[in-house]
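Have the sequence and the model open side by side as you read.

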Amino acid sequence: MATNRKYLLSQRPDGTPDRETFELVEVDVPEPGPGEALVRTLYLSVDPYMRGRMRDAESYAEPWDVGDPLQGGVVGEVVESNGSGFEEGQVVAGNLEWADYATAPGTELQRVDPDLAPISTALGVLGMPGRTAYFGTREVAEPKAGDTFVVSGAAGAVGSVSGQIAKKSGARVVGFAGSDEKIDFLETECGFDVGINYKTTDDYGAALDEAAPDGVDVYFDNVGGEITDAVFSKLNVDARVAVCGQIALYNEESVPTGPRKLGTLIKSRARVQGLLVADFAPRFEQATRQLGEWVSSGELTYRETVTEGLENAPDAFLGLFEGENIGKQLVKVGEREA
């Protein structure tokens, strides 16, 4: 069997990671232990939260030690089973090493139905990002008909789905994104009412006054920073804020003093709630089923940005912080053989 390429955390980055953060090594293909399956990677997910795992600091995701294999969401094909409950040739998803091959207990893998949608969607609209948008929007942000719903990082895997779900609730949807191409995607394909290009907008507050003249009832925050400061100043009474991510701050070695805009919550009496999709784990199947129905019927659109080759996985990850992706950023590692 071929050798196995996999990535290790080479060093802890100061500020923004670079190629030196990642070390690609060649090792033997692992053998599955009792109850495990050997999985050949087809698609690899890269996600902003992984930046936090590169720090030596407590977070909701356990940090990696220097020299540890990097891990992320993987869709792959079972090539060998040792009592895992899966058969050779089945497509599965799980949290596995950034590698050509990896082993995992069968209890930590989920079967992927290739007939439901392209298998890559198990890492995007039908996977963790889609479920985050589903529960975060419906049960944390709670948009309703007539609300103005604002989402930052709107053209990403979570934001684009969140805005569409809010639109289904009858809300007016405004999205912040970082290019004219992304704004066109939001307004033309996702049905957003207004897109704001934050890279070409000098005054976020003025842009919000124009896009949301009646104020903001719901804010789905994927970004933090100056965009969030501007939105907080526009919150209506009894507004809801779902804090899903803070990508604008992930590479900061010294986080700016704050929270800077909490005083605005006194007037608005807004509710601010953090969001971890893992809290909804017992209901993941429910979300995937509903999202799958919307995708199949054409009610929910999605986009994937696919980088070819495991050797280019670091570039795909680093590109997240430059806003290079539209929708879900994936790395295609292999083709199905079954």
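## Ground rules

Rings of Phe, Tyr and Trp (its six-membered ring) pair if their centres lie within 6.5 Å; planes under 30 degrees apart count as stacked, over 60 as edge-to-face and the rest as tilted. The model is predicted, so local features need pLDDT of at least 70 and side-chain atom pairs count only at pLDDT 80 or more, while totals for chains, interfaces and linings use all residues. Residues are numbered from 1 along each chain as its sequence is written, and side-chain values use heavy atoms, with hydrogens and water left out.

## The ring cluster

By the pairing rule there are ten aromatic pairs. One of them is edge-to-face, because the rings of F22 and F317 have centres 6.0 Å apart and planes at 75°. This pair joins distant parts of the chain, 295 residues apart: F22 in strand β2 (residues 22-27) and F317 in helix α8 (residues 313-320). Helices (H or I, at least four residues) and strands (E, at least two) are DSSP runs, numbered from the N terminus.

F22 is buried at 8% relative accessibility, and F317 is buried at 0%. Here buried means under 20% relative accessible area, exposed over 50%, partly exposed in between (1.4 Å probe, protein chains only). Ring pairs also link F22 and F317 with Y7, W98 and F321 into a cluster.

## A stacked pair

The rings of F135 and F280 are stacked, because their centres are 4.6 Å apart and their planes at 5°. F135 is buried at 0% relative accessibility, and F280 is buried at 14%.
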